[in-house]
Amino acid sequence: MTSISIVPVHGVPLVQAGDDLAALLLDAIAASNLALEAGDILAVAQKVVSKTEGRLVRLADVTPTPAAEELAERVEKDPRLVQLILDESTEVVRHKPGVLIVRHRLGLVGAHAGIDQSNIEHGEGEEGALLLPEDPDASAARLRDAVHAATGVNIGVLITDSANRPWRLGTIGVAIGAAGFNVLDDRRGGSDIFGRELKVTLINRADSIATAATLAMGETDERTPAAIVRGFPVECDAGQVAADINRPLEEDLFR
């Protein structure tokens, strides 16, 4: 690897449920006088994936349970939103007023099960909430296949989301879906520059790329939900997916 470049893809329109996301992204890439090359990684923001997959929920359609009502009072949030968070989660990890940390059914641990209410369309007089994709790795694979079918180019696809980390301020980009490249680089058993054996070195490639791509795409009002990452080695037949990044529960020292 000599250098890595990250080019944001501008001009992607606001998407709706059922839109052909691959076609919209390819149109925006072409309109920007860009072209995908073999070995590129196309980073795509979770929001546009969730929207096209119909994951936008009207809070008016949600009926909170007594458990959601009680927890909502503790965290000072809308009981309907709390119900969605509980529905998407397997465990409440921590909570305090304003914050609800849960383990998502996908294995991700973070605030509010990744459910977001920013940068989504709210109907007049009603609120909505956007859930994570049902299966982000499958979403990445479908998008990769669609791009290949349309262009003949083999690429990797990375679906990014923003997340907070314990003991660190601010959000970073993380990988929640991946296809076409190995998300982890296992260096255990190798040696450092002095010949010392590496015992715990497991490099998270996907999250590193996601963080860099998120900086290029932005997270507020940039309306740039995709970026092309070039120069990173891609294994087109890689069998790893983003779910492989999640630490097994038996290795969780903070439970």
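Which residues of the largest nonpolar core touch the most other members? The legends below take up this point first and then turn to other sites. The structure is a predicted model, in which local features need pLDDT of at least 70 and side-chain atom pairs count only at pLDDT 80 or more, whereas totals for chains, interfaces and linings use all residues. Residues are numbered from 1 along each chain as its sequence is written, and side-chain values use heavy atoms, with hydrogens and water left out.

**View 1. The largest nonpolar core and its most connected members, Leu-21, Leu-25, Leu-42 and Val-44.** These four touch the most other members among the 27 residues of the core, a nonpolar core being a set of buried Ala, Val, Leu, Ile, Met, Phe, Trp, Tyr and Cys residues joined through side-chain atoms within 4.5 Å. Two or more residues come from each of helix 1 (21-31), strand 2 (41-45), helix 2 (46-52), helix 5 (136-151), strand 8 (156-165), strand 9 (168-179) and strand 12, where helices (H or I, at least four residues) and strands (E, at least two) are DSSP runs numbered from the N terminus. Helix 1 gives the most to this core, with six residues. Apart from this core lies another, of 18 residues, which includes Ala-175, Ala-210, Ala-213 and Ala-242. In soluble globular proteins, nonpolar side chains tend to be buried together.

**View 2. The surroundings of Leu-42.** When neighbours within four places in sequence are left aside, Leu-42 is in contact with Leu-25, Ile-29, Ile-155, Gly-156, Val-157, Leu-158, Ala-226, Ala-227 and Ile-228; contact here means heavy atoms within 4.5 Å.

**View 3. Asp-207, a buried residue that has no salt bridge.** Asp-207 lies in helix 6 (residues 205-217), and the nearest side chain of opposite charge, that of Arg-165, is 9.2 Å away. A salt bridge requires a side-chain nitrogen of Lys or Arg within 4 Å of a carboxyl oxygen of Asp or Glu, and for charge Lys and Arg count as positive and Asp and Glu as negative, while His and the chain ends are not counted. Beyond its neighbours within four places in sequence, Asp-207 is in contact with Gly-173, Val-174, Ala-175 and Ile-245.

**View 4. Positive phi at Asn-33 and at His-112.** Asn-33, in the loop between helix 1 and strand 2, has a phi of about 60° although it is not a glycine, and His-112, in the loop between strand 6 (109-111) and strand 7 (128-130), has a positive phi near 60°. Most residues other than glycine have a negative phi. Asn-33 is exposed at 74% relative accessibility, whereas His-112 is buried, with a relative accessible area of 19%; buried means under 20% relative accessible area, exposed over 50% and partly exposed in between (1.4 Å probe, protein chains only).

**View 5. Gly-231 beside Ser-5.** The C-alpha atoms of Gly-231 and Ser-5 are separated by 6.5 Å, although the two residues are 226 residues apart along the chain. Gly-231 is found in the segment after strand 12 and counts as partly exposed, at 35% relative accessibility.
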